[in-house]
Amino acid sequence: KLAFHIQRAANGRGDAMVLPSYPSNSLSGRFTFDGGADTRETVDRGLRKLSESLGFELVEKGLYSKQVVVWIELEDGDIQHHGRTFGKPLSSPVSILAALSFLLAQINQPILSIRVRLPELQHLRRVQRTLSGMTAIEARGDSVHNTLNQLRSKFGNHSILLADQVVVERF
C-alpha cells in the first residue's frame with residue numbers, strides 16, 4: 001500500500017501538500033503571465049504580486065536577504081538569468097519590488113514567467129527603543145551632543161560646525 005503512494009507521489013500525482021526546502025535557507029517564488037506580458041504595466045502588476053507574496057512571507061518569518069536571483073522566461077523560449085547583491089536588506093514587499101523592478105528595467109521583450117529566489121536568508125534583529133518607537137527628545141539631544149564631543153575631541157574643535165555656526169557669504 002505504501003509503495004503505491006510513493007509511486008503516485010514520484011509521478012506528481014500525490015495529494016499531500018509539498019513545500020520546497022531546496023536550496024535550504026532560501027525563499028523562492030514564481031509568477032506566470034497569462035499569454036505573456038508585452039507591456040510594462042502588465043510586468044509591473046506581476047512584479048507587485050510576486051514581491052507581495054515573497055515579502056509577506058519574509059515579514060511573517062522575520063527574515064531578510066541581500067541577494068536576489070531572477071530567471072526570466074521570454075516568449076521566444078529564451079531564459080535570462082539576472083542576479084545582484086544589494087547593500088540594504090530586502091525584508092518587505094516594497095524593498096523586493098524595488099529590487100525586481102531594477103533588475104527587469106532593461107527587459108524589452110514579452111515575458112512569459114518570472115522566477116525569483118532570495119538566497120542566504122538571515123533573521124532580522126529588530127530593536128524598539130521606546131514604547132512609541134522613537135527615542136525621547138531629551139535622549140536624542142544628549143546622544144547628539146555626546147557624539148559631537150567625541151568627534152571634536154578626536155579631530156579638533158573646528159572639525160565639526162553646527163548649522164547655526166556656518167557662515168555663508170551672500171553676494
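**A guided tour by selection**

Begin with strand β1 (residues 27-37) and strand β4 (residues 111-118), which pair in the antiparallel sense over seven bridges. Two strands count as paired if DSSP finds at least two bridges between them. Helices (H or I, at least four residues) and strands (E, at least two) are DSSP runs, numbered from the N terminus. This is a predicted model, in which local features need pLDDT of at least 70 and side-chain atom pairs count only at pLDDT 80 or more, while totals for chains, interfaces and linings use all residues. Residues are numbered from 1 along each chain as its sequence is written, and side-chain values use heavy atoms, with hydrogens and water left out.

Next, select Val-116 in β4. Val-116 is the bridge partner of Gly-29, and Val-116 is also the bridge partner of Val-70.

Follow the chain past β4 to Glu-120, in the loop between β4 and β5 (122-123). Phi of Glu-120 is near 50°, a positive value in a residue other than glycine.

Now select helix α2 (residues 40-61) and helix α3 (residues 93-103), which pack at an angle of about 140° with their axes 7 Å apart. Axes are lines fitted to C-alpha atoms, for helices over the stretch in contact, and angles run from 0 to 180 degrees between N-to-C directions. The two helices are therefore oblique to each other; angles under 35 degrees count as roughly parallel, over 145 as roughly antiparallel, 65 to 115 as roughly perpendicular and the rest as oblique. Residues making the contact (heavy atoms within 4.5 Å) include Leu-47, Leu-54 and Phe-56 of α2 and Ile-96, Leu-97 and Leu-100 of α3.

Move to Ser-91, in the loop between β3 (79-90) and α3. Is Ser-91 buried or exposed? Ser-91 is buried, with a relative accessible area of 18%; buried means under 20% relative accessible area, exposed over 50%, and partly exposed in between (1.4 Å probe, protein chains only). Not counting residues up to four places away in sequence, Ser-91 touches Gly-55, Leu-58, Val-59, Leu-63, Tyr-64 and Leu-124.

Finally, display the whole protein chain, which has four helices and five strands. Read along the sequence, the pattern is α-β-α-β-β-α-β-β-α. Buried residues make up 25% of the 171 residues.
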